[in-house]
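My notes follow the structure.

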Amino acid sequence: MGISLDCLRDKNLMQLKKLNIALFPVRYNDKYYADALSSGDFTKLAYYSDICVGAIACRLERKEGGSIRVYIMTLGVLAPYTGLGIGTKLLNHVLDFSAKQNISEIYLHVQTNNDEAIAFYKKFGFEITETIENYYTNISPPDCYVLSKLLPVPAAKK
Ligand code: ACO
């Protein structure tokens, strides 16, 4: 069965909203969806045989000094479709696209008890760089880890 990725647009925004309701205990606000839309190719929906089953949604952040880092707001695949390589395809897309855009850092927050997601990200070279207590307000545990990955920055031209 084929897995394909598609860009987020106004027309398919509802797909991402439905996925998030099914996948996450958090309700995302309008800013989340505006950020996802404006991130362009950094946000993708995943289709498994024409059914929308997963997504990665990112926000681009400008750091002091002008460089841009990518924040993965959400990455999720519907339970019946996990273990098929869809999460890998979504994350690899963002890692590859970030490298092409000379992005130096990618980071995300994950709930401290989400062992499966933490193991998943570590396979791709993400490391726990911080623990934030009481990051979440309505879920237990309320604590999160910050997982970060630095990408090699091309050598400056001489
Ligand atoms: N059974 C066994 N192993 C699994 C399974 C499963 N059902 N799901 C994931 N894995 C592991 C395996 O170790 C696999 O490694 P392998 O390729 O060596 O076999 C690895 O994950 C990659 O598997 P994929 O199939 O590429 O990933 P998947 O499509 O299952 O997506 C994800 C992984 C996104 C973590 C998924 O489990 C998920 O959506 N979880 C619920 C939502 C979630 O917690 N998201 C992350 C929150 S943090 C954030 O969003 C910023």
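I am working with a predicted model, where local features need pLDDT of at least 70, side-chain atom pairs count only at pLDDT 80 or more, and totals for chains, interfaces and linings use all residues. Residues are numbered from 1 along each chain as its sequence is written, and side-chain values use heavy atoms, leaving out hydrogens and water.

**Shell.** I looked up what surrounds the ligand and found 23 residues (a heavy atom within 4 Å). The closest are L75, V77, G85, T88 and K123. By class, the shell holds 12 nonpolar, nine polar and two charged residues (Gly counts as polar, Tyr as nonpolar).

**Elements.** I checked which elements supply at least two shell residues each: β4 (68-77), α3 (86-100), β5 (105-111) and α4 (115-123). Strand β4 gives the most, with six residues. Helices (H or I, at least four residues) and strands (E, at least two) are DSSP runs.

**Polar atoms.** I listed N or O pairs within 3.5 Å. A backbone N or O atom of G85 lies 2.6 Å from a ligand oxygen. A polar backbone atom of G83 is 2.8 Å from an oxygen of the ligand. The side chain of T82 places a polar atom 3.1 Å from a ligand nitrogen. Alone, the ligand exposes 970 Å², and the protein buries 68% of that (Shrake-Rupley, 1.4 Å probe).

**T74.** I found T74 in strand β4. T74 counts as buried because its relative accessibility is 3% (buried means under 20%). Its side chain makes a polar contact with the side chain of Y32, at 2.6 Å.

Conventions
A polar contact is a pair of N or O atoms within 3.5 Å; within protein, one must be able to donate a hydrogen and the other to accept it, and residues adjacent in sequence count only if both atoms are side-chain atoms. Buried means under 20% relative accessible area, exposed over 50%, partly exposed in between (1.4 Å probe, protein chains only).
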